[in-house]
Amino acid sequence: MVIKVFLASSSGSTAIKKKQQDVVAFLEALKVDYTPLDIACNEDNRMWMRQNVPEDKKPANGIPLPPQIFNEESYCGDYDTFFDAKEDNLVYTFLGLPPPPGSKEGQAEEEEEQEEEEAEVQEEEEAE
């Protein structure tokens with residue numbers, strides 16, 4: 001699975017540059033393999049990104065701004081949804097990747113599975 005991050009290398013907006021740097025730096029810190037795809041210098045990248053961001057996720061003007069994040073062909077989200085996932089320690093879930101063992105996200109998943117199993121056992125015992 002390849003994480004694709006659509007970026008604009010020559011954006012005039014400092015806000016967009018900062019958001020792009022934040023996403024890239026965080027992925028690098030987590031050692032997540034990703035492919036940066038420039039929409040400023042490559043018309044094919046720009047068109048692919050615009051066509052593949054879901055309609056309900058596009059801004060009012062219809063043109064999504066970078067950074068936009070995909071796992072292969074699957075849309076993950078934009079900077080705001082990435083930031084929310086980061087705040088909630090759910091970046092791997094956001095990216096559609098399995099969390100590494102020992103990570104907070106991995107521990108949360110394990111605890112959730114254990115709670116579900118315990119609830120099933122309790123329901124079976126109550127049914128008897």
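**Asn-45 and its surroundings**

Guide: Setting aside neighbours within four places in sequence, Asn-45 is in contact with Phe-6, Leu-37, Asp-38 and Ile-39, where contact means heavy atoms within 4.5 Å. The model is predicted, so local features need pLDDT of at least 70 and side-chain atom pairs count only at pLDDT 80 or more, while totals for chains, interfaces and linings use all residues. Residues are numbered from 1 along each chain as its sequence is written, and side-chain values use heavy atoms, with hydrogens and water left out.

Asn-45 belongs to helix α2 (residues 43-52). Helices (H or I, at least four residues) and strands (E, at least two) are DSSP runs, numbered from the N terminus. Asn-45 counts as buried because its relative accessibility is 15%; buried means under 20% relative accessible area, exposed over 50% and partly exposed in between, with a 1.4 Å probe and protein chains only.

One of the contacts of Asn-45 is Phe-6, and Phe-6 stands opposite Gln-68 in β3. Helix α1 packs on the sheet and touches β1, β2 and β3, its direction making about 155° with that of β1. Axes are lines fitted to C-alpha atoms, for helices over the stretch in contact, and angles run from 0 to 180 degrees between N-to-C directions.

The sheet is open, with 4 strands in the order β2-β1-β3-β4 and mixed pairing; two strands pair if DSSP finds at least two bridges between them. Strands β2 (34-38) and β4 are at the edges with a single partner strand each, so one side of each has no neighbour in the sheet. On average, neighbouring strands are turned by 25° against each other, direction ignored. Strands β1 and β3 run antiparallel and are joined by 4 bridges.

The structure also holds 4 salt bridges, each a side-chain nitrogen of Lys or Arg within 4 Å of a carboxyl oxygen of Asp or Glu. In one of them, Lys-4 pairs with Glu-73, the closest N and O atoms being 3.5 Å apart. This pair links distant parts of the chain, 69 residues apart: Lys-4 is in strand β1 (residues 3-7), and Glu-73 is in the loop between β3 (68-71) and β4 (74-78). Lys-4 is buried because its relative accessibility is 17%, whereas Glu-73 is exposed, at 51%.
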